[in-house]
Amino acid sequence: MDEVETYMQQPEADRSLDPSKIEEKISTLRTEMDRFTESETDQIVQMVDELADEFSDRSSKGKGSVRPGDHELPPLPYDYDALEPYIDAEIMYLHHDVHHRGYVEGLNKAEVKMEKARKDNKYDLITHWEREAAFHGAGHYLHTIFWNIMDPRGGGTPKGDLLSMIERDFGSYQRFRAHFTAAAEKLSTPGWVILVWSPRAHRLEILTAELHHYLTQWDVIPLLVLDIWEHAYYLQYKTEKAEYVKNWWEVVNWPAVQRRLDVARQVKWSPA
Ligand SMILES: [Fe+2]
């Protein structure tokens, strides 16, 4: 811990750890947390957050964002056989190294194509690439969460604030688990069951994502939205959807979008 503390006290420009070393430090701190007092644990959590931010920034080549086409397959946070006997090594290998890699590659391709469309001002295939970005982006982001919300030492029940919130919003942990399980068992398409935090309702909810791209990418925060259901324009514009879209730009409240961006930018997951 002393070594990490000394590291964190250096001015950021003088820090010389490469991203893989930062990741190693995060992992060491996480495994050592049991041995410390509550205030030391708080200190470690803060340092882990800072290191995670730093890792996120450096892994995106110092630009503070992942450039279009630059997503990378994040490593599994444990060995392929670590979740046995519950999930065997072959599944983990195929799921991570083949399927998740496919989503990352598909997302990169879609983003590069969309960037090229913007440069060339040529949008003939934009619907196709938007669908590809949704399908592969949802796949990449959801799998990244999925690997990290499992752990060989996992199981048991949630504790602390998470448990309190589950009890507040679902009645009890057992009721939450029964609802989540039923949603999974009854989902009639491939997809996901997702416990979400609603920044609007200020509470937890259980949602399902059929085929995961119908609701576009998950793990993103909407900033500017345009309703193109017919009820939004048909009485006035009839079949002239393009006219509605063109005129809509005249009423966009940019300061409101800026306010949403200010809050949304505070949420930064790692790895980026
Ligand atoms: Fe999957």
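Trainee: Which residues of helix 4 meet helix 5?
Mentor: In helix 4, the residues are His-96, His-100, Tyr-103, Val-104, Gly-106, Leu-107, Ala-110, Glu-111, Lys-113, Met-114 and Ala-117. They meet Ile-126, Trp-129, Glu-132, Ala-133, His-136, Gly-137, Gly-139, His-140, His-143 and Trp-147 in helix 5. Two residues are in contact if their C-beta atoms, placed from the backbone, lie within 7 Å.

Trainee: How do the residues of that contact divide into nonpolar, polar and charged?
Mentor: The contact of helix 4 with helix 5 has ten nonpolar, eight polar and three charged residues. Ala, Val, Leu, Ile, Met, Phe, Trp, Tyr, Cys and Pro count as nonpolar, Asp, Glu, Lys and Arg as charged, and the others, Gly among them, as polar.

Trainee: What kind of model is this, and how are residues numbered?
Mentor: This is a predicted model, in which local features need pLDDT of at least 70 and side-chain atom pairs count only at pLDDT 80 or more, while totals for chains, interfaces and linings use all residues. Residues are numbered from 1 along each chain as its sequence is written.

Trainee: At what angle do helix 4 and helix 5 pack?
Mentor: Helix 4 (residues 89–120) packs on helix 5 (residues 126–148) at about 140°, and their axes are 8 Å apart. Axes are lines fitted to C-alpha atoms, for helices over the stretch in contact, and angles run from 0 to 180 degrees between N-to-C directions. Helix 4 is therefore oblique to helix 5. Angles under 35 degrees count as roughly parallel, over 145 as roughly antiparallel, 65 to 115 as roughly perpendicular and the rest as oblique.

Trainee: Left-handed or right-handed, that crossing of helix 4 and helix 5?
Mentor: Helix 4 passes helix 5 in a left-handed crossing. A crossing is left-handed if the near helix is turned anticlockwise from the far one by less than a right angle, and right-handed if clockwise.

Trainee: What is found in the loop between helix 4 and helix 5?
Mentor: Asn-121 is found there. Asn-121 has a positive phi of about 50° although it is not a glycine.

Trainee: Is Asn-121 buried or exposed?
Mentor: Asn-121 is exposed, because 6 other C-beta atoms lie within 10 Å. A residue is buried if 20 or more other C-beta atoms lie within 10 Å of its own, exposed if 12 or fewer, and partly exposed in between, with C-beta atoms placed from the backbone.

Trainee: And what is phi of Lys-238?
Mentor: Phi of Lys-238 is near 50°, a positive value in a residue other than glycine. Lys-238 lies in the loop between helix 8 (234–237) and helix 9 (241–248), and is exposed, with 11 other C-beta atoms within 10 Å.

Trainee: Changing topic: which peptide bond is cis at Pro-85?
Mentor: The bond from Glu-84 to Pro-85 is cis, with omega near 5°. Pro-85 lies in the loop between helix 3 (38–59) and helix 4.

Trainee: How many helices and strands does the protein have?
Mentor: The protein has ten helices and two strands, in the order α-α-α-α-α-α-α-β-β-α-α-α. Helices (H or I, at least four residues) and strands (E, at least two) are DSSP runs, numbered from the N terminus.

Trainee: How do strand 1 and strand 2 pair?
Mentor: Strand 1 (residues 191–198) and strand 2 (residues 203–210) pair in the antiparallel sense over eight bridges; two strands pair if DSSP finds at least two bridges between them. Val-193 has Thr-208 as its bridge partner, and Ile-194 has Leu-207. The strands form a hairpin with four residues between them, and His-202 in the turn has a positive phi of about 60°.

Trainee: What does Ala-183 touch?
Mentor: Not counting residues up to four places away in sequence, Ala-183 touches Val-193, Ile-206 and Thr-208. Ala-183 lies in helix 7 and is partly exposed, with 16 other C-beta atoms within 10 Å.

Trainee: How does helix 6 cross helix 7?
Mentor: The axes of helix 6 (residues 160–170) and helix 7 (residues 173–186) come within 8 Å and cross at roughly 75°. Helix 6 is therefore roughly perpendicular to helix 7.
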